[in-house]
Structure formats: structure tokens, C-alpha cells
Amino acid sequence: MKKPSVCVIVGAQWGDEGKGKITHYLADHAHLVARFGGGNNAGHTISFGGEKFKLHHVPSGIFFQDKLCILGNGMVIDPQVLTEELEGLRKRGIGGENIRISDRAHIIMPYHRYIDRKQEETRGKHMLGTTGRGIGPAYTDKVARSGIRASDLLDSELFMEKIIINLKEKEALLEGSGLTAEGIIAQYEPYIEAMKSSITDTSLILYEAIKKGKKILMEGAQGALLDLDFGTYPFITSSNAIAGNASVGAGIPPWSISQVVGISKAYTTRVGTGPFPTELNDDNGGHLLKVGAEYGTTTGRARRCGWLDAVILRFAVRINGITELALTKLDVLSGIDPLNIAVAYRHRGKRLENFPADMKVLAECEPEYIQMKGWTGDISGVREIAALPQAARDYMKKIEELLEVPVTIVSVGADRDQTIVAPFSLLSVSS
Ligand code: GDP
Ligand code: IMO
Ligand code: MG
């Protein structure tokens, strides 16, 4: 067996950190790219060669014909969305035979989407602000052992039986939905046909590749604070977004993971509801929204924006085992002076250094900030760390000090080319 080389890429905040861009950037050096969690609640934007792509189900390695792209067992998959996404890509000359879907992945059904929206309506002012894609109800069915898996799509009799049981189980919730088993089968038939040949035991493919020492990228979806266990519950998604789930959600041995790259914006954003200690409702927040074009890839909603929060990031480093950080959207901070970074919270006179579990506590937390000097000018054309303004380098160095992990990649624009790979940790150089 060769030395295993799995690199897990995870969001270190509330999602939308730029995982798609960084996965695509790193995919050049990988043999295989796999998703291990989430579904089409994810929206990963990739820009290169003057073109822009938005991926929801498909791993960001799809642009390389020679890389196998895997949708792991930990995902929930909407057959219509996946088929249309792949068709859209093919029309633009991307992808072909390099997609594999885990036979153990769960399928998002029309009733999941219906229940997702109904549940949000029922929650009223306590709504979570889900993406409405049926994610929560699909994962609920997985845990309840009522779920339909990709392998079930290959047996039309079994598929029909499972739909009938599900509609019966959920009768009260689905009243007035007009959903019938026949209707669902008819709707899904063409998508199942399109997916069929790609459904297989993907964990086996990954294991064989690991044994040969092939470089594998595991592309996370969402982020640490949306994680089912460690996120800002209940304002989270319904799957584990942290690196540990790469093993469960793709069926790979934990020992095969050699690297965990955390992706963080140079500031903080979140979509949906829930407490957000460093949120800015002033001109600086307006700057981040406008210059950062902070609108959701999946739902188009304006993202809430705020200062960088090292309490969150330290937490993300710890629960993910992040070995290095990719810092994105540094270009967006140009023109804001001074810059704040939260280093702790104040709660009822007490100083908290660790991210709290209780959302009532988090909602009452006041961030304790350190101030950093800002910089001006367009840095989106910079291609080496040494050419960045001193204040930007100091900002990055401070992040490394606070998190105790090196910043190894810096992104200064949405395009693939607007990426700087740091040759070493800034901590090791004097400014
Ligand atoms: P993901 O869900 O983590 O893949 O992130 P999204 O694609 O949802 O959101 C990140 C957004 O920021 C996308 O529109 C990217 O094109 C864009 N982006 C990524 N990196 C940079 C960067 O360094 N600078 C700027 N200005 N935009 C970036
Ligand atoms: P990527 O992979 C940002 C958020 C939703 C909502 C909560 C629950 O692009 O980073 P869900 O539909 O999952 O039940 O919604 O989670 N959310 C995301 N926010 N980026 C994402 O994915 C997200 N996926 C889910 O906005 O607050
Ligand atoms: Mg996104």
C-alpha cells in the first residue's frame, strides 16, 4: 500500500467561503474529487477562462475530463437537479463519463421539498431560512430508515413500493400536496434513466485509489457553523459538514486523510437566520455586501456580512483538525480602515474564548475586537505574497497567530488565476 493522500476541503464559517474555487484550483493536482455531504443546498461557484459555473451537486473537479468525480453516500441527491446540472455542463462542453454516484446516497423526493417548505411556514417567525430544497426532510428519512437510496432507483418495483410507504407514512403532512406515487414515478423516470449507469459502489473506487496512493480531494459543502452537531443549532443544515464526515460520507478510512484545508473568507458572512456576533449593519457591512457581491449562489439571497471572527475560526480549526487555511476574498477588504477581528466574546461580564453551544448565549455575546490597519488599492492582480500591501500581510499573519495554523493559499479574486499559494507560513518570516 502506498502512502495515502486524501485532502479534505471544508468551510470554516457559515458556508460560501469559496470551497468551489479552491477545490477547482487544487483539483489540477488530484486524480479524483468527491463530495461527501449535503445536496443541492450547496452552491459552488467556479470562474476561469472568462466563464462562470455554478455547481450544486457536481464536484468541482468536473472541469478536468481525466478526474473521476464522485457523489458520495453522505449526500442527498435530487435526480432532476443533478441531471439538469450535468446537461447544462455538457452543453458548455464540460464533463461526460467522469461522474459516479454512490449506490448508498439518499434521494431527494418531491415530498421532501414539499415538507421542507411546509415546515418553514409552520415555524413562522422561528423559521430557519432553509434553501427549500428538501434537504432536512431527506436526511430525516435517512435517519428514520424510510429513505430511498440511489440503488433503489435501479429496481422499479422496489422504488414504487418505497414511494407508496413514504406517502402513507407522511399522509398528514402531505395533505393537499396532490402528490401520488404514479405522478412521482412519471416525473423521475427520465432522470433515473440518465443517472442509472453512474450509480455504483463509490467507496470501493475510493479505496482502490487510496491503496495506490492517488491524490484525492474531498470537497466539503456548507461550513463548520452549519454542521449538524457543532453548528449554530438549530440554524444549521441537516448533515455533518466537518472533515470527520469525509470518512463516513464517502466511505474512506480515517487514516487515509493526510490534510485538512479550511476555507475562510477574510471576513464573515452567513445566509439564513440565527445569531451572528460580528454582523455589521453599517457602511462597512454595505461595502462587504457590494464589493464582495455577497448574494447566495443557490437562492440569490443577500448574505449577512460582518468582521472576521477568530472565535469561530479557532473552533473550526479544532473540530475539523484543520492543518492549513485558505483565505479568500482578501481583495474585498481593500478600502476599509481600520479592520476589526473578533478574538473573544463578552457574555454578561464574562470573557468567552470558546464558541458557545447555546444560541441564547451566542445571541447575547458582544465581540471583543482587536484593530488592524487596513489598506487601499486594487490587490486583485497581485500574484505573490511579497507584493501584497504590508497591512494585508500583517492581517494574514495575525490570523495565523490567532488560529495557530498557516495560511497557505490566498485568494484575491473569483477567477482561478487570482490565487496566491504561500510558499511557507507567514509566521516563520518577520515583517
Ligand atoms: P462555496 O459555496 O464555498 O463554494 O462559495 P460560493 O461559490 O457560494 O461563494 C463564494 C463567492 O465568492 C463566489 O461567487 C466566488 O466566485 C467568489 N469568490 C471566491 N473567491 C473570491 C475572491 O478571492 N475574491 C472575490 N472577490 N470573490 C471570490
Ligand atoms: P455551500 O456549500 C451557505 C444554510 C441555509 C440555511 C441552513 C439550512 O454553498 O457553502 P438547508 O436547506 O440546508 O436545510 O438550510 O443552512 N445553507 C447554506 N448556507 N452555503 C451553503 O452551502 C448552505 N447550505 C445550507 O441558508 O440557513
Ligand atoms: Mg456556496
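## Two cis peptide bonds

Pro-338 is placed in the loop that runs between strand 15 (324-328) and strand 16 (339-347). In this predicted model, the peptide bond leading from Asp-337 to Pro-338 is cis, and its omega is near -5°. A cis peptide bond also joins Tyr-233 and Pro-234, where omega is about 5°. Pro-234 likewise has its place in a loop, in this case the one between strand 10 (215-219) and helix 8 (244-250).

These bonds deserve a second look, because most peptide bonds are trans.

## Two residues with positive phi

Asp-16 is not a glycine, and yet its phi is positive, at about 60°. This residue is found in the loop between strand 1 (5-11) and helix 1. Is Asp-16 buried, partly exposed or exposed? With a relative accessible area of 21%, Asp-16 is partly exposed, because the buried class takes in values under 20%.

Ala-293 is another residue other than glycine with a positive phi, here near 45°. The loop that holds Ala-293 lies between helix 9 (283-291) and strand 13 (304-306). Ala-293 has a relative accessibility of 48% and therefore counts as partly exposed, since exposed residues are those over 50%.

Ligand 1 sits in the second largest pocket. Two elements give two or more residues to the shell around this ligand, namely helix 1 (19-27) and strand 3 (44-48). Which of the elements gives the most to the shell around ligand 1? That element is helix 1, which gives 3 residues. There are 19 residues around ligand 1, and those that come nearest are Gly-18, Lys-19, Gly-43, Thr-45 and Ser-411.

Polar backbone atoms of the protein approach oxygen atoms of ligand 1 at several places. For Glu-17, the distance from a polar backbone atom to an oxygen atom of the ligand is 3.0 Å, and for Gly-20 the corresponding distance is 2.8 Å. A polar backbone atom of Gly-413 is 3.0 Å from an oxygen atom of ligand 1. On its own, ligand 1 has 580 Å² of accessible area, and the protein covers 92% of that area.

Where is ligand 2 found among the pockets? The space that ligand 2 takes is the largest pocket. Around this ligand there are 20 residues, of which Asp-16, Lys-19, His-44, Thr-131 and Thr-237 come nearest.

Side chains and backbone both take part in the polar approaches to ligand 2. A polar side-chain atom of Lys-19 lies 2.7 Å from an oxygen atom of the ligand, and a polar side-chain atom of Thr-237 lies 2.6 Å from an oxygen atom of the ligand. From Gly-129, a backbone N or O atom lies 3.5 Å from an oxygen atom of ligand 2. Of the 550 Å² of accessible area that ligand 2 has on its own, the protein covers 98%.

Ser-60 is found in the loop between strand 4 (51-55) and strand 5 (68-71). Its relative accessibility is 0%, so Ser-60 counts as buried. Leaving out residues up to four places away in sequence, Ser-60 touches Gly-20, Thr-23, His-24, Val-33, His-44, Ile-46, Leu-55 and Glu-219. Cys-69, which has its place in strand 5, also counts as buried, because its relative accessibility is 0%. Among the residues that Cys-69 touches beyond four places in sequence are Val-33, Pro-59, Asn-98 and Arg-100. Cys-69 and Thr-202 are 133 residues apart in sequence, while their C-alpha atoms are 9.9 Å apart in space.

Thr-408 is placed in strand 19, which covers residues 407-411. Why does Thr-408 count as buried? Its relative accessibility is 16%, and the buried class holds values under 20%. The side chain of Thr-408 makes a polar contact of 3.0 Å with the side chain of Glu-324. When neighbours within four places in sequence are left aside, Thr-408 is in contact with Glu-324, Leu-325, Ile-420, Val-421 and Ala-422.

How values were computed
Residues numbered from 1 in each chain as written. Chains lettered and ligands numbered in written order. Predicted model: local features only at pLDDT ≥ 70, side-chain atom pairs only at ≥ 80, totals over all residues. Heavy atoms only, no water. Helix = DSSP H or I, 4+ residues; strand = E, 2+ residues; numbered from the N terminus. Buried < 20%, exposed > 50% of the residue type's maximum accessible area, 1.4 Å probe, protein only. Contact = heavy atoms within 4.5 Å. Near = heavy atom within 4 Å. Polar contact = N/O pair within 3.5 Å; in protein donor to acceptor, adjacent residues only side chain to side chain. Areas by Shrake-Rupley, 256 points an atom, 1.4 Å probe, with all protein chains shown as cover. 1 Å grid on protein atoms, 1.4 Å probe; cavity = no way out; pocket = protein on both sides within 12 Å on 5 of 7 lines; lining within 4 Å. Sits in = over half its atoms within 2 Å of the grid points.
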